[in-house]
There are 2 protein chains.
Amino acid sequence: MHRFLCTYRVRAPRGQVAAIADAIALEQSVEVPRAAVHDPVLAERIVGRVAEIRERADGDHDVVIALATETVGGDIAQFFNMAFGNTAMHPHVEWTDVALPDDLLALFPGPRFGSAGLRSATGAHGRPLTCSALKPQGQDVAALAALCATFAQAGVDVIKDDHGIADQAYSPFAERVAACQRAIDRVATDTGHRALYAPSVVGAPRVVAQRIRAAQDEGVGAVLLAPALLGLPAFAEFVRDDVHVPVLAHPSFAGAARVAPPLMLGTLFRLLGADAVIFPHYAGRFAYSQQACADIAARARAPLGAHVAAMPVPAGGVQLDGVDDALAYYGTDTMVLIGGSLLIERDRIGERTRRFVDAVRGAAQVAGATA
Amino acid sequence: MHRFLCTYRVRAPRGQVAAIADAIALEQSVEVPRAAVHDPVLAERIVGRVAEIRERADGDHDVVIALATETVGGDIAQFFNMAFGNTAMHPHVEWTDVALPDDLLALFPGPRFGSAGLRSATGAHGRPLTCSALKPQGQDVAALAALCATFAQAGVDVIKDDHGIADQAYSPFAERVAACQRAIDRVATDTGHRALYAPSVVGAPRVVAQRIRAAQDEGVGAVLLAPALLGLPAFAEFVRDDVHVPVLAHPSFAGAARVAPPLMLGTLFRLLGADAVIFPHYAGRFAYSQQACADIAARARAPLGAHVAAMPVPAGGVQLDGVDDALAYYGTDTMVLIGGSLLIERDRIGERTRRFVDAVRGAAQVAGATA
């Protein structure tokens, strides 16, 4: 009989934790009172079990529940349903970890390229990678393509659309992707540096699948997808069936208050097939702690069955003069994403971008805290 | 120039709220520092605007941001991206409301049947509706079909799969759906009462679309889908392109800590096309407040452009002896869902189900607090 382990952080008085753990075990398996489980075989085989309850240093408790692999039925959506479906609605419970047996690990696509594949695709070895974003939205296709050329000329490794850029009238998807990829191609011919362009693909499943195909037909080197926005099972299906290039996962709509960010972004996005995982750097404009960021990066790289490492991408307000600190913290196997901070001085975008590129290229020697 | 209004509840000291509101306005539109918006036309047309800041009685603030409809580009996924993409990662911000102009309201499918359509489909007029769930999972197809027959014979209006039932080896989807629908058909022939059977459909988009078709080919009267589990844009696409019967929306994985439950379940699930919205009743095993439940029900029924009302479905631990209170609270235009509580005494499931059905049928006269 196979089980997988889910850990939940429970905020409740000590005397209530055992009852809450039992309630989670029922809720995430049979979803009936124990008295309604009449069949002893079913009770033994299917009902969730409390595997462990540990008090944490902060007074909360870590509750580990062993859930039956059979209940997942070989489906990724159903995995999330069993791991955290109804319990997601309990405000005192946060899903913090998962331990999967090999058959469940193999259910997920995982990164097809991962860190190593991103290095092959960009030719960037032995140093951190650079990434920037085409923004702000509202500019027309020519302006975005010109910015793309500026970034590519300055030597950025990966150039992504801002995640807010979709298929708006002011920069339609097909036209924008073609123009930006042509800009990449021109710079490659002129300078020999071929950046990877990752268009943002947003929409309902059939639209996304069609746009991924169209972008790949234009020769893009990667795509940017937001798993929590598109739907986690949909994201995994795109990875498996539609995408032939590396995937950057964006955290949009992953308001991960109930799923701990290291689990959601570091483990789950990777399991679902992200090759690079964008997350809010602790020194940026989001309130992620240093520890949470270290944990996200560590989980993106840690052994995970047969799945290769994904590349951590600190982002969300990284400043030009904060690059060295970020690299000292995350280490070499990192892609640094700076967007808005490059754009502040309109006439010096190329110069600021080159400073960014040089800072990262010069950081090949740094020994990262988490690397 | 068209704008839509998003309201966010911000937990922060009074002196910081204006700066936070400005940061949200930038984050949810151009996602760059204001200094990086060089084009005055773009600043005027695209950048989000702080429309209002109101102090709440509890000391938090409601911040209303006017976002440009243009940025949505006519796509539902992109709407969520613009409304709450990156801001979902700010722990001090909760998305609590949205006000949409007619063109954005028309972007969403909304309920195709709604409350009135569910009444037509069940023939239940002038009284609340009853609903129960086939559970626990782990039983085989014959056992689930027998329970379905028991519920149908007792006169339940809508019989849904437990949301945890997917396509597991012990009750494969195709076989289970066929057997349960045949049980419904037999009871209809024998007694004249035709319950609606709503199978739970879980999976990645292509799998879900195929199973919805297969279930409809079997003649099912409804389907159960979990928008937050499947992905909000995927759910809306299924409603628009694949589903020809009423849709019950299940809150699984909607750990709505950062999206207020009345907005997520009452407004957004309805906009996306749910005909009936299942939510945790305040007297059940989830910690939703009475007020939150009243707000969910009110939003499912309130005027919303041209969209018809969806039916509120209180669930999640409703007890047999709590039906009267629930109906007094929610009123007649309600479907009451009891699952596990009917199953506790194995030999009296039919009897307890008839008590449930009679309690609801007898409640036609009640005047609900929120109706």
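Mentor: Two strands pair if DSSP finds at least two bridges between them. Keep that rule in hand. The model is predicted. The strand to look at is β6(B), residues 158-161 of chain B.

Start with its neighbours. Strand β5 of chain B, residues 129-134, runs parallel to β6(B), and four bridges join the two. Within this pairing, B:Ile159 of β6(B) has B:Ser132 opposite. Helix α6 of chain B, residues 141-153, carries the chain from β5(B) over to β6(B), in a right-handed β-α-β crossover.

Now the other neighbour. Strand β7 of chain B, residues 196-198, pairs with β6(B) over three bridges, again in the parallel sense. Here B:Lys160 has B:Ala198 of β7(B) as its bridge partner. The path from β6(B) to β7(B) goes through α7(B), and this β-α-β crossover is right-handed too.

Buried here means under 20% relative accessible area.

B:Arg176 sits in helix α7 of chain B, residues 173-191, and B:Asp161 in β6(B), 15 residues apart. Both partners are buried. The connecting helix is therefore tied to the strand by a pair in which each residue falls under the 20% cut-off.

A:Asp97 forms a salt bridge with A:Arg299, with 3.2 Å between the closest N and O atoms. A:Asp97 belongs to strand β4 (residues 93-99) and A:Arg299 to helix α12 (residues 290-301), so this pair ties together parts 202 residues apart in sequence. A:Asp97 is partly exposed, at 29% relative accessible area.

A:Arg11 and A:Asp60 also form a salt bridge, their closest N and O atoms being 3.7 Å apart. The two sit in loops 49 residues apart: A:Arg11 between β1 (3-10) and α1 (14-27), A:Asp60 between β2 (49-55) and β3 (61-68). A:Arg11 counts as partly exposed, at 38% relative accessibility. A:Asp60, at 12%, counts as buried. Both residues belong to a network of salt bridges, which also includes A:Arg9, A:Glu52 and A:Glu94. Over all chains, the whole structure holds 51 salt bridges.

Widen the view to the two chains. Chain A superposes on chain B by a rotation of 180° with 0.0 Å of shift along the axis, at an RMSD of 0.0 Å. The copies are thus related as by a two-fold rotation axis. In chain A, the C-alpha nearest that axis belongs to A:Gly231, 1.8 Å away.

The contact takes in 76 residues of chain A and 75 of chain B. Of chain A's interface residues, 99% are also interface residues in chain B, so the copies meet through the same surface. About 6400 Å² is buried between the chains, 60% of it on carbon and sulfur atoms. A:Met89, A:Arg206 and A:Phe253 supply 12% of the area that chain A buries against chain B, more than any other three residues.

Salt bridges cross this boundary as well: eight are found across the interface. A:Asp242 forms a salt bridge with B:Arg206, the closest N and O atoms being 3.0 Å apart.

Conventions:
Residues are numbered from 1 along each chain as its sequence is written. Chains are lettered from A and ligands numbered from 1 in the order in which they are written. This is a predicted model: local features need pLDDT of at least 70, side-chain atom pairs count only at pLDDT 80 or more; totals for chains, interfaces and linings use all residues. Side-chain values use heavy atoms; hydrogens and water are left out. A salt bridge is a side-chain nitrogen of Lys or Arg within 4 Å of a carboxyl oxygen of Asp or Glu. Buried means under 20% relative accessible area, exposed over 50%, partly exposed in between (1.4 Å probe, protein chains only). Copies are superposed by least squares on the C-alpha atoms of residues with pLDDT of at least 70 in both. Contact means heavy atoms within 4.5 Å. A crossover is right-handed if, with the strands pointing away from the viewer, the path from the first strand over the helix to the second runs clockwise. Buried area is the accessible area (1.4 Å probe) that two parts lose on being put together, summed over both.
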